[in-house]
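Please read the points below with the sequence and the structure open.

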Amino acid sequence: MKSRLFIGVLALVGFTMFATSCEKLPQAELDAANAAVETARASQADIYVPEAFAALQDSLKVANENIELQKSKLFKKFTVAKNQLIAVSALSVTVKDASEARKVELNAEIQAAIDTTKALIAENNELMKKAPKGKEGKAALEQMKSEIAVIEASLTEASNLQASGNLLGAVDKAKAANAKATEINTELKEVTAKYTKGKKK
Amino acid sequence: MSKTKWRIIIYGSSSLLIVFLSIWVITRIQNPPLPGLITAREAITKAKMVNAEVYAKSDFHKAEDLYRSAMRMWKIENLKFILNRDYSEVIKNASKSKTLANKAYNSSLVDKRNLKDKVDMQILELKEAVKKNQPLFNKLPVPPEINKQNSQGQLMLFEAESTIKRGNYKDLEGKLEFAEKNIQNSYQFANQLLIDYFTMYPRWVKQAEQARIQSKKNNSYAIVIDKFSRTCFVYNNGELKNIFDVELGKNWIGSKLYSGDQATPEGQYFIVSKKDSRKTKYYKALLLNYPNEDDKARFKNGKDNGTLQLSSKIGNLIEIHGDGGKGIDWTNGCIALQNKDIDTLFKVVEENTPVTIVGSLKPLKEILND
């Protein structure tokens, strides 16, 4: 009788142990993955590498779905979800780095556009000195002067946007200013060439 | 009954009970709502890839909210005892989320295409307007603020194109509106300037015809300057002998009103003096009788009615001279010819040769169509 009771208790303990032997929720990995995604967002990955960031968010959702799936089961196994969360954390770093790299790239593009535009403005101002002038020395290139003034104002705006962190707005402005300055430069070179040719005659 | 029989009954019924209980538990446990959530998530991702959060904002955000809500509900249900879990609301929300995400995807595709078509058309029209109007606009002496408006508009057009290259159509509308407003305003100003100016057209044609008739009548030379086409017509005995290109004062539209306005006068004049290279710094020059009586009356009128300052002076020394061929209007009101052309003219004209300066010999309609 005693031995039966012992077997019964042993079976109950065994079952309890088996039932409670499920894996624990990978909370540390989940917190780390959430924090890593937020770090990537803080680096403005959603703006500068939107597709990569969307993929990252998707990966986190997949991991969360997997966690809930395991929680829905009688016998939980979080190994896959845990590995997915570790992968999300690693991917977050890659996305954050890509965002930072894109920002560096954009800053370089903005600076290059601003620098070349400034050089073009300086060249344009020189060309305007050589361009035809009136009897009393008054320049006859009012419109170009106005255009150059507008370009200079646009460069200042581009720098301000860059400083405020709006790199996409800044790059659009700087590139537009560069294109317009190039157009004026071509026009001025043509006028000056024509004038020089006229003078030689 | 024997002890063995009792055992068989007890064990048998216990086993049956366990089997029935197991079947009951298994049928009571609901399947996790994963498939519904996966399709919702995939639909959201697909919509995101076509910028649905921009082009179909409302539906896209609702889809995301419903997905989040479904996940939250799933979590809550998972906290309950396994037999008490009910995933019906989770499945319902996931399904709604998928439907909305698909709707957002479809409307985003349509909206993006429509917006792209609209923007492309707007840019094309603006570029056409610039191509058509800018050459004429560049010739007109418009005020600096109008020049600035034109420049700002064109620069914004460049900026809009730069934004398009990034595939961003939604941010364009404000930029294009600004560009269009500034460009069109500047052209409207220029257009009105021309319309006002060309009210004098019948008079110009009459004056030029009079010059030709007089040249025939007197068997003499006559010079007609068409300011708009920058052309000098030389007649002898009523016949056109030469056509030369000319360059004018910077503010060439309208009559000369006062000294220093950089305008080339309009009216009927004659040559009062021929200056060879010793008497002018512009190679050779033909001095005109500016100001004539009409100019003096206009100047007096301007001072009397306050359109001219009392300190203004009427100006003088308007000439047809050399050193032209610079390709732009550069004089302070004189008419510049290339040296070879002034040589030709200098040989044939004398003092008292009439010089008629008009705004245009072509009607405005023809100029605009050109």
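1. Two residues are in contact here if their C-beta atoms, placed from the backbone, lie within 7 Å. On that basis, residues 24 or more positions apart account for 73% of the contacts in chain A with a separation of 6 or more.

2. This is a predicted model, in which local features need pLDDT of at least 70, side-chain atom pairs count only at pLDDT 80 or more, and totals for chains, interfaces and linings use all residues. Residues are numbered from 1 along each chain as its sequence is written, and chains are lettered from A, with ligands numbered from 1, in the order in which they are written.

3. Chain A has seven helices and zero strands; along the sequence the pattern is α-α-α-α-α-α-α. Helices (H or I, at least four residues) and strands (E, at least two) are DSSP runs, numbered from the N terminus. Of its 201 residues, 35% count as buried (20 or more other C-beta atoms within 10 Å of the residue's own, C-beta atoms being placed from the backbone).

4. Between the chains, 36 residues of chain A are in contact with 35 residues of chain B. On the chain A side, helices H4 (50-72), H6 (142-163) and H7 (167-200) each give two or more residues, and H7(A) has the largest share, with twelve. By class, this side has 13 nonpolar, seven polar and 16 charged residues. Ala, Val, Leu, Ile, Met, Phe, Trp, Tyr, Cys and Pro count as nonpolar, Asp, Glu, Lys and Arg as charged, and the others, Gly among them, as polar.

5. Within chain B, the axes of helix H5 (residues 88-139) and helix H6 (residues 144-165) come within 12 Å and cross at roughly 145°. Axes are lines fitted to C-alpha atoms, for helices over the stretch in contact, and angles run from 0 to 180 degrees between N-to-C directions. Residues making the contact include Ile123(B) and Phe137(B) of H5(B), and Asn150(B) and Leu157(B) of H6(B). The contact residues divide into six nonpolar, two polar and one charged.

Key
A residue is buried if 20 or more other C-beta atoms lie within 10 Å of its own, exposed if 12 or fewer, and partly exposed in between; C-beta atoms are placed from the backbone.
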